Amino acid sequence: MKLINHTLRLLFFIVIVRPLVKIIIGLNYRNLPSLPKSGPGIIVANHNSHLDTMVLISLLPIRLLSQVQPVAAADYFLSNPIKAWFAKSIIGILPISREKSCQSDPLADCRSALNDGKILIFFPEGSRGEPEKLTEFKFGIAKLASQCPEVPVYPIYMHGLGKALPKGKFVLVPFFCDIAFHPPLLFGGERRDFQNALVKTFEQLKDKVKAPSWD
Amino acid sequence: MFNLFFSDNPVVIVFVVILGLLIVATIISYILRKKNSEHDYTELKQRINSWWVMVAMFAFALLSGVTASIIFFGFISFLALKEYFSIIPTRKVDRRVLFWAYLSIPLQFYWASIGWYGMFIIFIPVYMLLFIPFRLVLLGETKHFLRAAGSIHWGLMITVFSISHLAFLTILPATEANANTTSFSGPGLILFTVLLTQLNDVAQYLWGKSLGKRAIVPHISPNKTWEGFLGGVFTTALLGTLVAPFLTPLEAWYGFLAGAIIGIAGFIGDITVSALKRELDIKDTSAMIPGHGGILDRLDSLTFTAPLFFHFVRYTAF
């Protein structure tokens with residue numbers, strides 16, 4: 001079963017996701033790419049659409065596919081068995097709990113995945129929110145970085161996917177996806193500083209992408 | 001197609017000449033990089049590499065027959081329209097109208113493929129012109145209504161209607177004038193349009209660079225000069241005179257006129273896209289083609305030359 005799921009995942013990304021991302025949507029690099037060449041690593045990106053994960057995974061070479069795990073909300077993606085199978089086996093998500101009341105540490109699975117040399121995709125905004133609006137970053141990423149200080153954090157800003165497939169819409173309308181990269185950040189010793197540096201980096205990256213109005 | 005170097009097909013012969021030009025350009029760029037290594041030639045190198053890719057795809061499409069050519073140009077239209085919608089201001093409610101705009105591409109190229117000229121020539125200028133505002137009205141949003149209606153239709157005209165003229169050229173048969181050299185006029189006509197349009201860009205640039213003094217449209221493109229424009233038009237007209245009898249059913253004298261039309265229209269197409277970019281405050285329309293910018297940066301002249309040359313040749317030779 002594991003082998004079947006693994007093959008299906010590979011096929012899904014080669015046959016469907018890559019052509020969709022590279023031809024129908026199209027990527028527009030705003031500067032030179034800065035991406036993990038191997039695990040462990042954390043990719044931090046803004047979140048506007050279900051397509052975000054597809055694009056981020058397609059940025060990495062296919063040989064890294066088995067190492068990539070998007071961190072996603074357990075309550076949303078595990079709500080029914082089919083969705084859960086697709087999210088876990090095909091997309092390869094690492095489900096975490098969004099509930100504050102939870103007794104166990106929601107980041108424990110992330111830490112052990114990083115120890116296994118995985119590349120995690122992290123959306124610090126927490127949810128897709130309103131398309132093409134950057135909302136406040138949650139504190140989880142600074143916490144995780146402080147717990148795994150040797151793991152590089154790659155900030156990536158994307159624009160356009162919220163127009164192509166915003167929350168609650170089912171028809172994809174092609175728009176180019178602008179992408180701005182930044183050299184990896186390393187945890188410096190203070191969570192608050194790391195969080196501020198990350199937020200500042202995203203504001204810089206946002207300015208690199210000259211986005212037309214979308215009102 | 002496989003007898004590449006012994007072919008008597010004029011289209012193949014011209015592609016072999018282009019191949020030669022590309023090899024020369026590649027060697028020159030290599031020597032430049034070796035000779036003064038402190039100067040950065042990255043963009044020149046990227047530009048030439050991209051030319052290789054573009055020429056290879058274009059040659060493959062053109063030599064693989066009518067269907068492949070039409071699909072190729074339809075795909076080019078799709079990329080251009082997508083780029084256009086990505087750089088202009090749009091509204092959230094317009095998403096579904098933009099979706100309909102994309103759907104007009106397969107239809108428009110289908111009309112070309114079946115040679116239904118009447119439908120081909122009015123589908124976007126009339127039916128889409130009427131359909132888009134109707135669909136916008138159904139959305140019920142009046143803020144920026146005019147901007148949406150105008151900009152969506154203009155984009156369709158430039159990126160789909162104009163480019164589809166190249167697709168319609170593919171199905172034009174041989175005429176009495178060129179029946180002895182070829183069985184189809186299409187590939188030769190397309191190659192003529194695209195080759196002259198691109199060489200005109202180069203010629204205008206080179207004339208402007210070496211002799212340019214008087215700015216022609218300082219507020220839109222400060223580097224464009226009268227000298228570059230006139231030198232380019234004259235060079236392209238001369239090229240048209242030489243190449244037309246070989247690639248098209250046109251005689252030399254008509255080739256001169258066709259070259260002049262391509263020279264003038266190419267310039268206007270170029271500065272039209274420049275004006276658009278200036279308003280949007282962007283340098284390139286995207287970063288899709290390394291060293292060139294976006295697909296609209298490359299197609300700018302062609303959006304004007306394709307329909308004008310099409311109607312010129314349709315009127316004079318068919």
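## Second largest pocket

Lining the second largest pocket are 48 residues, and those nearest its centre are A:Val71, A:Ala72, A:Ala73, A:Arg98 and A:Gly126. The volume of this pocket is about 1,400 Å³. On a 1 Å grid over the protein atoms alone, a pocket is an open set of points with protein on both sides within 12 Å along at least five of seven lines, whereas a cavity is a set where a 1.4 Å probe fits but cannot get out; lining residues have an atom within 4 Å of a point. Points are joined across faces, edges and corners, and a volume is the space filled by probe spheres set on them.

In chain A, α1 (2–25), α2 (51–59), β3 (68–73), α3 (74–77), α4 (81–91) and α6 (140–147) each give at least two residues to the lining of the second largest pocket. Helices (H or I, at least four residues) and strands (E, at least two) are DSSP runs numbered from the N terminus. The lining of the second largest pocket divides into 29 nonpolar, nine polar and 10 charged residues. Here Ala, Val, Leu, Ile, Met, Phe, Trp, Tyr, Cys and Pro count as nonpolar, Asp, Glu, Lys and Arg as charged, and the others, Gly among them, as polar.

## Basis of the values

The model is predicted: local features need pLDDT of at least 70, side-chain atom pairs count only at pLDDT 80 or more, and totals for chains, interfaces and linings use all residues. Residues are numbered from 1 along each chain as its sequence is written, chains are lettered from A and ligands numbered from 1 in the order in which they are written, and side-chain values use heavy atoms, with hydrogens and water left out.

## Cavities

There are two cavities of 30 Å³ or more. The largest cavity holds about 40 Å³ of space, and its lining consists of B:Tyr84, B:Trp154, B:Gly155, B:Ile158, B:Thr159, B:Val273, B:Leu276 and B:Leu296. Two or more lining residues come from each of α6 (145–170) and α9 (252–280) of chain B, and α6(B) has the largest share, with four residues. By class, six residues of this lining are nonpolar, two are polar and none is charged.

## Helix pairs in chain B

Helices α1 (residues 10–35) and α2 (residues 42–63) of chain B have axes that come within 10 Å and cross at roughly 165°. Axes are lines fitted to C-alpha atoms, for helices over the stretch in contact, and angles run from 0 to 180 degrees between N-to-C directions. The angle therefore makes α1(B) roughly antiparallel to α2(B) (under 35 degrees is roughly parallel, over 145 roughly antiparallel, 65 to 115 roughly perpendicular and the rest oblique). The contact (heavy atoms within 4.5 Å) involves residues including B:Phe15 and B:Leu22 of α1(B) and B:Trp51 and B:Trp52 of α2(B). Its residues are 18 nonpolar, two polar and two charged.

For α7 (residues 186–211) and α11 (residues 302–317) of chain B, the axes come within 10 Å and cross at roughly 140°, so α7(B) is oblique to α11(B). B:Leu189, B:Phe192, B:Thr193, B:Val194 and B:Thr197 of α7(B) meet B:Leu302, B:Thr305, B:Ala306, B:Phe309 and B:Val313 of α11(B). This contact has seven nonpolar, three polar and no charged residues.

## Backbone features

A:Gly39 and A:Pro40 are joined by a cis peptide bond with omega of about -10°. A:Pro40 lies in the loop between β1 (27–29) and β2 (41–45) of chain A. In chain B, B:His144 is not a glycine but has a positive phi of about 60°; B:His144 sits in the loop between α5 (117–139) and α6 of that chain.
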